[in-house]
Amino acid sequence: MTVLIVGAGPTGLTLACDLARHGVPCRIVDRADGVFVGSRAKGLQPRALEVFHDLGVLDRILAGGEPFPKFRLYQGDSPVWERTVEEMLGVPEPAVTATVPYPKTWLIPQWRTEEILRDRFAELGGRVEWNTEIIGVTQDSDGVIAHTVDGDIRAEYLVAADGGRSTVRKALGVGFVGETLEAERTLIGDVRADGLDGRYCHILTRAGNVGERFSLWNLPDSEHYQFVASMPADEVGALDLETVRRLCRERSGRNDIRLYDLRWISLYRVNVRMVDRYRVGRVFLSGDAAHVHSSAGGQGLNTGVQDAYNLGWKLAAVYSGAGDELLDTYAAERMPVAANVLGLTTRMHRQDFRGGGAPAIHQLDNTYRGGPLAVDDRAEPGTLRAGDRAPDGVLPSGTRLFDIFSGPHATVLAFGAPIGDFGVPTIAVPETEGYDVAPGTYVLVRPDGYIGAITASAEVVRRYPAISSREPRRTPAYRSEP
């Protein structure tokens with residue numbers, strides 16, 4: 001079995017790393033001729049940081065970024081206020097706890113996230129195949145064929161992670177339902193700037209009106225800033241440095257800020273769309289190929305990473321002998337999450353920094369409760385349910401639960417229940433914060449860090465797909481470092 005991944009952005013690379021550590025043969029191709037140098041998406045949410053902990057790259061992610069800076073609003077050249085992202089959202093300042101070790105958004109340019117994931121994939125024996133453009137897709141009873149200008153690539157399964165303009169999605173004729181905000185455009189890119197002090201999201205305005213702003217974000221370990229400016233569609237000029245300079249002068253009323261060394265520039269049209277299907281035969285859609293929305297709230301990259309994380313262990317289970325029908329649960333679990341994200345980002349986009357409260361953006365509360373893989377047969381369920389994210393915790397030995405979960409395996413936590421031979425790590429756990437379960441209960445944590453089952457029955461645990469599909473000879477040797 002081989003999985004072909006189309007698109008070497010964060011979604012595709014996350015999936016490639018996950019499959020490689022499971023020992024699943026995979027190829028990842030991209031039509032570009034190499035690495036894109038622009039910052040693009042720049043915020044990693046807490047749940048994405050937990051995924052990267054599991055993939056063994058969190059230390060590199062933290063070293064390559066910095067805490068999200070404060071927002072600083074200017075009226076002309078005078079600062080008016082400074083606010084944290086939590087103050088902007090109207091939510092309490094999050095703190096590190098035993099159950100949530102990474103509670104804050106992390107600032108890191110997308111190119112650096114991709115670089116870290118490419119390096120991890122290389123450590124696991126893979127490489128990105130550049131200059132490989134997919135021009136069509138067909139399927140037969142044995143697999144899927146991706147057609148390129150240089151020949152065909154055959155695989156058992158194909159995952160489209162090729163962006164909002166996905167060639168694969170179009171070739172399959174999958175509907176992309178939603179709306180386009182035709183009257184509005186957003187100009188974005190990276191540029192160097194002189195004349196600004198401190199590390200902030202500098203919100204430049206002439207008279208304090210955030211609706212007419214020019215934003216310059218400091219980027220970690222870089223002399224470049226990311227600029228962002230929204231405008232009516234009929235006011236867009238040439239995509240060049242002079243347009244950027246003009247907008248900055250007009251929006252800020254300042255002549256003391258010098259912009260130069262334009263690294264990249266793009267015009268972004270806000271679409272709020274998602275596919276009507278996540279699966280067509282042996283092809284799966286993920287990331288922006290499956291859902292696009294406003295960048296407000298920093299959800300896009302993070303949602304794509306979780307798409308990949310959900311699909312990876314299921315493809316690995318099929319590789320190890322599970323039935324193909326397990327892959328249908330990918331759509332069942334991820335489509336509701338994508339729909340919720342579209343609603344969240346649209347609400348934040350319309351608020352446009354004007355307050356009014358905002359939903360949480362951390363993605364820690366994404367859940368698969370009630371889904372086809374959530375088994376909770378307790379007569380009186382607690383606060384924590386099957387389908388929820390498995391909280392971190394610290395055992396009496398000092399070992400973190402996240403370090404036990406790390407790797408391509410499922411984990412069974414036995415809360416006063418007999419330690420059975422489940423073929424995966426099984427840990428006797430005393431009463432632990434975040435796990436309100438009665439003595440005699442098993443909590444099965446899936447390879448993607450979500451709770452698959454909460455039950456007193458060892459047989460229920462043994463029948464769960466993340467365990468029942470495993471063959472002892474295929475127990476992976478890889479285990480990410482704490």
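How many residues of domain 1 are in contact with how many residues of domain 2? Contact here means heavy atoms within 4.5 Å, and by that rule 14 residues of domain 1 meet 10 residues of domain 2.

Before you click around, a word on the model. It is predicted, with local features needing pLDDT of at least 70 and side-chain atom pairs counting only at pLDDT 80 or more, while totals for chains, interfaces and linings use all residues. Residues are numbered from 1 along each chain as its sequence is written, and side-chain values use heavy atoms, leaving out hydrogens and water.

**Stop 1: the domains.** Colour domain 1 (3-66 + 90-179 + 271-351), domain 2 (182-263) and domain 3 (375-463) separately; these bounds come from an automatic or database domain assignment. Between the C-alpha centres of domain 1 and domain 2 you will find 29 Å.

**Stop 2: the interface.** Domain 1 and domain 2 bury about 950 Å² between them, with 49% of it on carbon and sulfur atoms. Buried area is the accessible area (1.4 Å probe) that two parts lose on being put together, summed over both. Now select S39, K42 and E66: they supply 42% of the area that domain 1 buries against domain 2, more than any other three residues.

**Stop 3: a salt bridge within a helix.** A search of the whole structure finds 27 salt bridges. For one of them, show R47 and E50, whose side chains meet at 2.5 Å, N to O. They are three residues apart in helix α2 (residues 46-54), so about one helical turn separates them. Helices (H or I, at least four residues) and strands (E, at least two) are DSSP runs, numbered from the N terminus.

**Stop 4: aromatic rings.** There are 11 aromatic pairs in the structure. Rings of Phe, Tyr and Trp (its six-membered ring) pair if their centres lie within 6.5 Å; planes under 30 degrees apart count as stacked, over 60 as edge-to-face and the rest as tilted. Select Y157 and F284: the ring centres are 6.1 Å apart and the planes at 45°, so this pair is tilted. Y157 sits in strand β12 (residues 157-160) and F284 in strand β21 (residues 283-285), 127 residues apart, and the pair thus links distant parts of the chain.

Key: Salt bridge = Lys/Arg side-chain N within 4 Å of Asp/Glu carboxyl O.
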